[in-house]
Amino acid sequence: MMHEDEKSDPAIVAVKQANEIGKPVEESVEPRAGAEENAGQGGTLRTPSRVGASPGLDRVRQAARLKKKERFTALLHHVDVDRLRGAYLALKREAAPGVDGVTWADYGQDLEARLEDLHGRVHRGAYRARPSRRRFIPKADGKLRPLGIAAVEDKIVQRALTEVLNAIYEADFLGFSYGFRPGRGQHDALDALAVGIDRAKVNWVLDADIAGFFDTVDHDRLIEFVEHRIGDQRVIRLIRKWLKAGVTDEDGRTGPTPVGTPQGAVISPLLANIYLHYVFDLWAHQWRRRHAQGVVIFVRYADDIVAGFEHKAEAERFMADLRERMARFALTLHPGKTRLIEFGRHAASDRERRGLGKPETFDFLGFTHICGRSRRGGFQLRRKSRADRMRAKVHAIKEELRRRWHVPIPDQGRWLRAVVTGWYNYHAVPTNIVALGRFQHQVGDLWLRALRRRSQKDKTTWAKMRTIIDRWLPSPRILHPWPDRRFAVRNPRWEPDALIGPVRFCAGGAQ
């Protein structure tokens, strides 16, 4: 097992130094709640209901941080009416209703009475979870992803309990876990991976994907993992209710859910992180400490895992051991999405010396990662938008434009501006300017075709269309900073010239 100080270390990118080289990296510290001149003010956050967050969760958070083996036997009292109200206000207003047909606005009528009744049923044990309404959404590869739409009341209770459980598990989760955690996002994971590949001795990358993870989670194992920290049986019963609630298909038939967590449920991401914390994170951390002689980095976002290695032999051993580890918990690595490739600062020159082609690429969180060169000729990790994701987005825009053919151009322009802006907000990272320009051009081309098809007499030229595009569509430009700069700001203990062992950076303490 891990030492308690190792598990609590909030490192952002986990780096294994070569054995017997260098000194232990200094651990990061918790940021202060506020400035010194505001020390007399409460340090709790405000909830959407404008009610101060319960100081009880601060005590839970502190106990979870200091007592790593503590089991919390009294938690449900934190799910009070104020927390339920805040959970309701945080839900999406326009989300589709669940099996009961109740929308967010419907539930808001006589809200206080509803919340009081819900609170009473939750604490009496009379609350019953409804089955999720099954819907399918298209994926970039043309397949369909099952999505479970929970009832509004289930969403409220799940969100409130998730807030309570996060106070415990955020003290436990390791630094290289990024998916669906408070204060962390996809770009944090992308930055950590970029910094790790650029600054550590990474020569091989394992891109691993767990096949059908959310549909194959073992319920008994999951409850066993939860009970490592949660001793309140009322909370355990709530989680069991949600896992066993079942799903209702499009024909109205309700079926059981013997395994898996419903994708789309508010609490599913947390349960998935708990499961993978014990199945992968702790195991991978121990594996690195016991078996790795060279540098090893990990970045995990939900069920997408990227591991970087200095030595090929260690990468191959880890991949084989990972398959065995997953099999123990009825999980499998996706055969088509799990690959070990030569990748890193020396990959291009090493392959050229052996008479091989350019290094392979890998995909992570919507970007294709490429071994490139900077203007000065040095190694540069290049990231561009995945081609299949861009095609899927363009196709979706095309279908929506067909429904908006006869809408006035200003209305079309406002809608397309919001769509393009949203794409830029995520994809406008350094080295991706060409893909941004291509995306804008394709959207403009679709818009021109849509205008021409509105009437046989339409003679809109590309020159005129260029004026319309310049009026309504934002120009492609980079919005995100370079990964190492944002990474350094978010992790003040990262020091690029620290020269700690074989690694030239400290990401808040190596795990």
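I worked from a predicted model, in which local features need pLDDT of at least 70 and side-chain atom pairs count only at pLDDT 80 or more, while totals for chains, interfaces and linings use all residues. Residues are numbered from 1 along each chain as its sequence is written, and side-chain values use heavy atoms, with hydrogens and water left out.

Entry one. I looked up aspartate 191 and found it in helix H7, residues 186-199 (helices are DSSP runs of H or I with at least four residues, strands are runs of E with at least two, numbered from the N terminus). Aspartate 191 is buried at a relative accessible area of 1% (buried is under 20%, exposed over 50%, partly exposed in between, with a 1.4 Å probe and protein chains only). Neighbours within four places in sequence aside, I noted that aspartate 191 is in contact with Arg383, Pro483, Arg486 and Phe487, contact being heavy atoms within 4.5 Å.

Entry two. I traced an open antiparallel sheet of 3 strands in the order S10-S11-S12, where two strands pair if DSSP finds at least two bridges between them. Strands S10 (362-364) and S12 (379-385) each have a single partner strand, so one side of each is left without a neighbour in the sheet. S11 (residues 367-373) and S12 pair over 7 bridges, and arginine 373 stands opposite phenylalanine 379 in S12.

I checked isoleucine 478, which lies in the loop between helix H17 (462-472) and helix H18 (483-490) and is partly exposed, at a relative accessible area of 33%.
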